[in-house]
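Here is a friendly walk through the charged pairs and nonpolar cores of one protein model. Have the sequence and the 3D view at hand as you read.

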Amino acid sequence: MSIPPTLITPGLAGAPTDVDVVVVGLGVTGAGVALDAASRGLRVLAVDAHDLAFGTSRFSSKLVHGGLRYLASGQVGIAHESAVERGILMDVTAPHLTRPLPSLIPLAPSVSRPMGLLAGAGFLGGDLLRRAARTSADTLPRPRRLSAAETRRLAPPLRTHGLRGGLLGWDGQLEDDARLVTAIARTAAQQGAAVHTHARVLSATGSSVELRDELTGATLQVACRSVINAAGVWAGDLVDDVRLRPSRGTHLVLRAEALPRLSVAVFAPIPGETNRFVLVLPQPDGQFYVGLTDEPVDGPVPDVAEPTEVEIGFLLDVVSASFARPLHRSDVVGAFAGLRPLLDTSSGGEDASGGGTADLSRKHAVLTSPDGVVTIVGGKLTTYRRMAEDAVDAAILASGLRTGPCVTARLPLAGAAPREALAEDAARAGHPGRARLVRRYGADAGLALAAAVEASGWAEDDLLAPIVPDCPTIPTVWVELFFGITHEGAADAADLLDRRTRIGLVPADRELAVPAAERALEVVAAHR
Ligand SMILES: Cc1cc2nc3c(=O)[nH]c(=O)nc-3n(C[C@H](O)[C@H](O)[C@H](O)COP(=O)(O)OP(=O)(O)OC[C@H]3O[C@@H](n4cnc5c(N)ncnc54)[C@H](O)[C@@H]3O)c2cc1C
């Protein structure tokens, strides 16, 4: 039996040796660059030393931000850009992977009246941004003030003593950050990009790269017209003139039982601060993420950052103050940390608007090295598309490549379909496994199932069953593992458990799921 060819290849087998653009890194930024360049008609090779979304992009808060933070600091242009990109993601490119998230600020005694007014003004400012970005109130409803009774109904586990009411706002939430990266990378491959994981760039100039296949150890020289370095916190390893100062952001993972019947995000005020909060974020599979911290990281950048007990204790303390039942260390079933790729401004980069280098932390920067390598760093998941556009524009300018204009604002990602149509598909699915596939793959749910049938030879019912029977915390079904291998370039159990699915965020669950991942890999290998 033949199985469908994978569009994303682990290792360097079959990689082209002469292209227009080499993209280094397949986090959200590099995947976005690969899509932008390929959809302009350029010949693209895009690689990651490890896997899709191996770096910061899988450890985010999984929010599609509207840029409120920038508005608060008077940076109207960049706030507007964020809100516009949020609207593009939610309405055009990835409605299948995004959803509106109701967010609640409880007006508890720890939130003074002036602080409540400030927070309310913030939500109204956010709504102005939404309107300026032409995102409809059907996508993101208007904020409103809630009575104490409404607040309690919406968030039953809140501490109710002295609760004056609440402020309800809306922002975007991702199904999963790693799924967004995977969808972008698949779309880039569909547009003709050669996308290879487990392939490390050892060195780069503006016209060539030396690569190593991390599966075989073989090296490969590739000639190109341009190199775009999207290696996140590791970007400075490839070019001398870019220095980063990463900062660590930590989240906790709590099971659904820790905060029963909570279905909205809660902003828990940080004691002693006027307008800073720890966020409690409900996730599609019933867990909660609680974050986040901001700790400078000194010394060499690790492959995977580890949260500290101090950070975990801080997050638990802040959140406990907002809920009737204090949270304990035993409620924490997982914790993860990501490194923000913040530019060290003394490296002399200019922000994307061509302005100064102050407060580059959440802005993105495009820097062209003397040898022509274009580096794109900073920014956030939400603005990946705009970052990619700016990076490809800079690469075209530096290399003299000829292409058409950027088209990604109108190019839906693999699986995209209107949210209402997908909701109907999920409701009609008649099987929790099928409904789950619609949630994870959108309009590609049927393709995922068909590919899994072809790759395994199993019956549909078996493929739609959970990979760990009788384990309510692992609703992942077999199709997800098989499709990860056949169409999404997963090469090993870690790719499957830590990136194509997110079981790995809870170590105890991960241990239970390892045999299933290994079995899926064996079954596909036996059919090839
Ligand atoms: C804690 C935290 C929470 C966040 N929350 C949000 C949020 O809710 N919403 C939002 O919009 N943004 C958020 N962000 C920001 C966002 O996550 C990052 O800006 C974004 O993920 C960075 O993506 P990247 O592709 O630039 O880097 P990365 O995702 O780190 O990708 C870089 C890739 O380059 C690869 N690489 C490195 N060196 C090489 C080499 N030599 N050869 C080949 N490949 C190489 C790595 O393996 C890696 O996969 C958050 C950030 C943090 C830290």
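## Salt bridges overall

A salt bridge here is a side-chain nitrogen of Lys or Arg within 4 Å of a carboxyl oxygen of Asp or Glu. The model you are looking at is predicted, and it holds 39 salt bridges. As background, side chains of opposite charge can pair when their charged atoms come close.

Let us begin with D176 and R440, a salt bridge in which the closest N and O atoms are 3.6 Å apart. D176 sits in the loop between β7 (166-174) and α6 (177-190), while R440 belongs to helix α10 (residues 432-441), so this pair ties together parts that are 264 residues apart in sequence. D176 counts as buried, with 2% relative accessibility, and R440 is buried as well, with a relative accessible area of 6%.

Helix α6 also supplies R179, whose partner E488 lies in the loop between α13 (478-487) and α14 (493-500); the pair therefore ties together parts that are 309 residues apart in sequence. The closest N and O atoms of R179 and E488 are 2.3 Å apart. Are these two residues buried or exposed? Both R179 and E488 are buried.

## A pair around α7

E309 and R329 form a salt bridge too, their closest N and O atoms being 2.7 Å apart. E309 is in helix α7 (residues 309-320) and R329 is in the loop between α7 and β17 (332-340), so the pair ties together parts that are 20 residues apart in sequence. R329 is partly exposed, at 39% relative accessibility.

## A charged network

Which residues are linked in a network of salt bridges? D176 and R440 are both members, together with K62, R99, E175, D177, D285, R436, R439, E480 and R502.

Now for the nonpolar side. In soluble globular proteins, nonpolar side chains tend to be buried together. The largest nonpolar core in this model has 48 residues, of which V44, L180 and I228 touch the most other members. Two or more residues come from each of β2 (18-24), α1 (28-39), β3 (44-47), α6, β19 (374-378) and α8 (384-399).

Leaving aside residues up to four places away in sequence, V44 touches V19, V21, V23, A34, A37, A38, A193 and A194.

Methods
Residues numbered from 1 in each chain as written. Predicted model: local features only at pLDDT ≥ 70, side-chain atom pairs only at ≥ 80, totals over all residues. Heavy atoms only, no water. Helix = DSSP H or I, 4+ residues; strand = E, 2+ residues; numbered from the N terminus. Buried < 20%, exposed > 50% of the residue type's maximum accessible area, 1.4 Å probe, protein only. Core = buried A, V, L, I, M, F, W, Y, C linked by side-chain atoms within 4.5 Å. Contact = heavy atoms within 4.5 Å.
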